[in-house]
Amino acid sequence: MTAVGAAAPRTAPGGRALLGLSGLAGLLVLVELLPRTGIVSDSYLPPTSRILAALADEAATGAFWVAVGDTLTAWAIGLAIAVVAGVGAGVLIGAVPVLRAVTASTVEFLRPIPSVALIPLAVLLYGSDLGSTLLLVVYAAFWQVLVQVLYGVADVDPVADETARSFRFGPWARIRYVLWPTALPYVFTGVRLAASVALVLAVTAELVIGAPGLGAVIAVAQTSNAITTMYALIVVTGLLGVAINLAARYAERHFLAWHQSVRGEAPS
Amino acid sequence: MRRFITGMTVLALVAAGAGCGSSGDSGGGTTDGGVAKVKVGIIPIVDVAPIYLGQKQGFFANRKIDLTMESGQGGAAIVPGVVSGQFQFGFSNITSLLIAQTKNVPVKVVTNGVASTGTAGKDFGGVTVRKDSPITEPADLAGKKIAVNTLKNIGDTTVRESVRKAGGDPSGITFVEMPFANMPAAVENGQVDAAWVVEPSLSAVTAAGGRVVAWNYVDAAPDLTVAAYFASSKLIADDPDLVKRFTEAMNESLAYADAHPDEVREILGSYTKIDPKVREALTLPKWPTEINKPSVETLSKLGAQDGIFGSATPDLAKILP
Amino acid sequence: MLEVKGLRKVYRSGSREVEALRDLTFTVAAGELVCLVGPSGCGKTTLLRCIAGLLGPTSGEVTVGDRSGLAIVFQEYGRSLFPWMTVRDNVDLPLRQKKVPKARRRELVAEALTAVGLDGTESAYPWQLSGGMQQRVAIARAVAYEPSILLMDEPFAAVDAQTRADLEDLVRSLWQRLGMTILFVTHDIDEAVYLGQRVLMLSASPTVVQDELTVDLPAERDQLHTRADPRFVTLRTRVYSQIQAAKTGTASGAAGELSSADR
Amino acid sequence: MIKRLLLVLGLPVVLFVTWYAASANSENFYAPPLRQILAAFVDTWTPERLRADVLPSLARLGAGYLLAALIGIAAGVAIGANPRLRAAAEPVLEFFRAVPPPVLVPVIMLFAGIGNGMKVIVIVSGCVWPVLLNTVEGVRATDGVLADTARAYGLTGAARLRHLLLPSASPQIIAGLRQALSIAIILMVISEMFAASNGLGFTIVQFQRSFAIPEMWSGIILLGLLGFGLSELFRLAERHALAWYHGLRDAQRRS
C-alpha cells in the first residue's frame, strides 16, 4: 500500500459529520428563507418552521401513526414475500442448469416491465386494499432479489463445486455448503435493493390507488389543499427511506463481516 | 411471441397475491353475532361526510352494521373493489356509474350520495376564473382551456352544458385534467383560462379573488344528483336484507347531515385535512335521500351527446334502484 | 539534471505528525542512471512523488529543470495504464496532452513500442496482456514522452523473476540508446547494483541519505556474467550491510511510524 | 441452434398457450379471454394511436432521462472530486434519494403546473439520484495510481475529466443510468396518471376508468414491451460502452 495521496486535505471523521450536519442545516435554512423572502410563494413551499410544526401536529395524532404502521406493514409483508419467493426461485433456477436455460429469456423479459403497469390491474383486483399495495411491492421487489441471487449462484467457484461433487455431496448438501454461502452476499445486496424499492412502491400504491398508508394521507392532504401537511408527510417518507437504507446497510455489514472482502455488487 | 408472458406472470403473481391478501382481512359481509362487517369504498372528500356522521351517530350500528371506510382515488378505483367483493358498497359519481353500465359492469345504485344545492351562486362547485379574467359569463368559456379533475366525466359534460345553455359553442373548449387541489394555482398562474373546482378548492379560488362564472351543476339540471352509493348486483341478489339495512342507515345519515351542517363541518376534520377556517366557511352540498331521476337522465343524455359512452347508451333501469 | 536539496516531508493528520523524509540532499547528473535503495517503509515513494511534483515538500527544494520533461513508471502497472484505452492510445495520450503534432505522435508511438518489443499489440487493451507486457507498455509510454528525466518507482517489484531480468536489460539498453537521466527506486539490492552507475542508500524513516556508492562495473552488463563478477558481489555486500545498519540504527523511528500508521 | 431456440422460446410459448387456454372461457369481467385482449391490442394500438399517445410519452421520457443523466453526472463529478463538498452534501442527497419519487408529483405540480414541463421534471426528480450518487462513488473510487499517472503526464482540467474521471467512473455511472431507466419509465407512467391529456399512462388509466378492460390489458402489455425494448437497447449500448470493463473484470477473475 502506498501510504500517500495524503496531499489532499483529509477530513477527520468528526469534521465529516459536522460538514454533513451543516449541509442539512443549509437545506433547512434555504427552505425557510425562500418562502420568507418571497422568492417562492409560501403557498407552494411553506418555510421549514411551518413544515416542522405541521410534522409535530401530525405526529401527535393517532391516525398518523396508523398510516405509518400501514405503510410499514405493507412494506414488510411485501418485502418478506418477495425475498422468500426470490431466494427460493433463484436457488432453484440457479441450481438446476436446465431450469436456468429455460427461464432465462422469460426472466429477462419480465424484469424490466415497470411495476406501475400493474396499477390498473391491482385496482381492478383488490380495489384500494392492502392487496393492491402488496401486488405492486412484491412484483417490484421480487426481481431485485431474484436477479441478485442468480448472479450469486453464477458466481459459485467451479473448483469448489467439483470438490463437493468429488466427495459425493448430494444436491441438497451442495446447495447448503457451496451454493448458499457463495450466494449469501448477493442475497443481502438483493434484499437491500429490494427494501428501498419496496418502500417506493408501497407509498406509490397508496398515493395513486388510495390504499391505506402514508401515501393515501399525502393524497388526502393534497385534495384538502393542506400544502404544509403534505410537505411534512413527504419529509416523513424520506426519513423512512433513509432509516430503511441505514438499517439494511447495517444488517449487511453485521451479518457479512466475514464475507465483505470477497463480495462485489453485481450490476442489477 | 414472448410479449404474452407478461400477462401470464401477472396472473401467477395475482394468484399468489390473492392468497396472501385474503389471509390479512376477514372477508367482508360475514355476519358475526348478527352484526355484518361492511366495507364501503369512498373518496375522502366533503361529499361523503354523511356516512362518517351516520357512523358516529350510530345509525349503522343500530342496524347491526359494523362499518369500515376504505378510501380510493376516484370512482374508477372503487367500482372494481365493489365488483370483486372487497367492498360491499361504494361511492361514485353518476357519470362513472353510467359508463360502467354501458360496459355491463354488474353494479347498481342503492341510494343517493350527494346532490347540487341547485342554487346558482351558492353551489359547492363551479367554473372559476382569475379576478382580472375577461371571461364574465358561461358563453365566454367557448374556445377556452378549462381544467377538470377527470376527463370524459361529469365535469366536462356539465360544463359544456353550461356553455351551451348560455348560447356559446362548447365544441372548441379544451379540457385538461388535473387534481382539484392544483386548480387554484393553475388559474392564478394562467396555466388554464378557467377551472371547474369543487369545495374546498372552490373556497381557495374565491379567497384568492377568483370569480365563479358558471354553476355547471345548476345549469345542467335542477337539483342535480351528482353521486350515489352502489353495490354489486350479486350482493343485491344474495343479501337483500343487508342492502336494505344499509340503505336505511344511509338515508338516515343523509337526512341528518342535511339538517345538521355544523356537525358536518365538525366531522370533516376527522377524515380530511381541510383547514378549520375553510371548513367553517365552505359551501356544503345537499344530501337528499331521493335520487333525482330526471337529472340522471339529463347526465345520461349529456354524456351520450359528448360521446363518453362510445356507441352505447346507458340503460337507466339497470343502474338505478 | 536533477537536484534535491534539504528535502523534508511531514505528513499531518489531525494533531498527529509523521516525519517521512528528514533531510535529503543529492544530485543526479544529466544522463546518469542512479538507483535508490532503502529498507521498506523508508519513504522512497514519498521522495519520488516529491520529485515528480505529485506531492509538495514540507521544506527544501527539488530542481528538475522543465517538469514537462519528466516521465514516471509506477510499480502497479495494472493500475497505471488506462484500462479503457488500447495500448496505442495509452502511449499516445500524454503526447496529445503535450500538443505533439499528429504525424510525429504516430512515429513516436511506433518507435517506443518497437523499442520495448511490443510490435503488433497496438490495438490490444492492457488487460489483455501479461504483467510483464503491461509494464513494457508503461515504459513505452514514458519513452515516447521523450523525457529528460525518467523516474521509476520499483517498476519490476510485481513481475516474475524471468520477466524482471528481461526488463532490467531493457531499461539499461534504452538508457544507453536514448541518453536520458534515470532515477530508479528499488528495494532489491542486486537490481540496484546491476542497473545503476551509482547507488544511493537511504536510512529508515525519517529518511536521510545513509551512504552513496559508485558502481564501477563495466558499462556492458549482462545477467549471467555481471552477477557472477566478484566485484558485483563485493558491491552488493556493501550495500546490503549498509541497509542492515540503517534498519537497526533507527529501529525506534520505524516503530514510531508503524504505530501512527495503524490508526 | 434448434436447441437454443427451443430453450429461448419454449417457456414463453408454454406460458402463452396456458394463458390462452385458461382464459378462453373466462366469465370474469376483469380477466377477459386472451383472444379478446389480442384483438383489442390490434384495434387499439394503431399507428395513429402510437403517434398520438406513445410518441409524446417517449419524448418526455427521453427528455427527462437525458436531463437527469446530464445533471446527475455533472453534479456527481463536482461532488465526487471534492471531499468537503461531498461530506456536506451526502446526508441531503441520501434524504432526497430516499423520498419515493411519486410523492413529489403533487409538489412538482404546484411549481411546474401540468404541462410537459411538469412531467419532464417529475422524471428528472426521480432519475437524477441514482445517477448522481453512483457518479460520486465512481469518481471517488478513481484509482490513486491512475490519478498520479495522469497528473505526472500533465492531464489537467478538461482532459483529466475526459480521459480520467469519466471513463474510470463509467461502470458506476452506467449502473446508475440503468437504475434510472427503470425509474424513468415508472415516473413517465405516474406523471401521466395525475394530469395529462395524452400519453401511454393516461390512456391506460382512461381505459380503466371507462371499464374498457381488454383495452386496458393491451395497454399493460404494450408498457411491458416498451420496458423490455428499452432495457434491451440499454444493454446493447452498455455492452459497447463498457466492453473494456467487462474484459478487465474477466481478466482479473481468471488471474
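Residues are numbered from 1 along each chain as its sequence is written, and chains are lettered from A and ligands numbered from 1 in the order in which they are written. As the model is predicted, local features need pLDDT of at least 70 and side-chain atom pairs count only at pLDDT 80 or more, whereas totals for chains, interfaces and linings use all residues.

Chain B is divided into domain 1 (28-116 + 224-319) and domain 2 (125-220), with bounds from an automatic or database domain assignment. Their centres, taken over C-alpha atoms, are separated by 25 Å. Domain 1 of chain B contributes 20 residues to the contact and domain 2 of chain B contributes 15 residues; two residues are in contact if their C-beta atoms, placed from the backbone, lie within 7 Å. On the domain 1 side, the elements giving two or more residues are α4 (94-102), α12 (276-281) and α13 (293-305) of chain B, where helices (H or I, at least four residues) and strands (E, at least two) are DSSP runs numbered from the N terminus. The most, four residues, comes from α13(B). This side comprises 11 nonpolar, eight polar and one charged residue; Ala, Val, Leu, Ile, Met, Phe, Trp, Tyr, Cys and Pro count as nonpolar, Asp, Glu, Lys and Arg as charged, and the others, Gly among them, as polar.

Chain C contains an open sheet of nine strands with mixed pairing, in the order β4-β1-β2-β9-β8-β3-β7-β6-β5; strands pair if DSSP finds at least two bridges between them. Because β4 (59-63) and β5 (70-73) of chain C stand at the edges with a single partner strand each, one side of each is left without a neighbour in the sheet. Neighbouring strands are turned by 20 degrees against each other on average, direction ignored. Helix α5 (residues 131-144) of chain C packs on the sheet, touching β5 and β6 (149-153) of chain C, and its direction makes about 175 degrees with that of β5(C). Axes are lines fitted to C-alpha atoms, for helices over the stretch in contact, and angles run from 0 to 180 degrees between N-to-C directions.

The largest nonpolar core has 333 residues. Such a core is a set of buried Ala, Val, Leu, Ile, Met, Phe, Trp, Tyr and Cys residues joined through C-beta atoms within 7 Å, buried meaning 20 or more other C-beta atoms within 10 Å of the residue's own, placed from the backbone. Helix α8 (residues 171-209) of chain A gives the most to this core, 21 residues.

Definitions and conventions:
A residue is buried if 20 or more other C-beta atoms lie within 10 Å of its own, exposed if 12 or fewer, and partly exposed in between; C-beta atoms are placed from the backbone.
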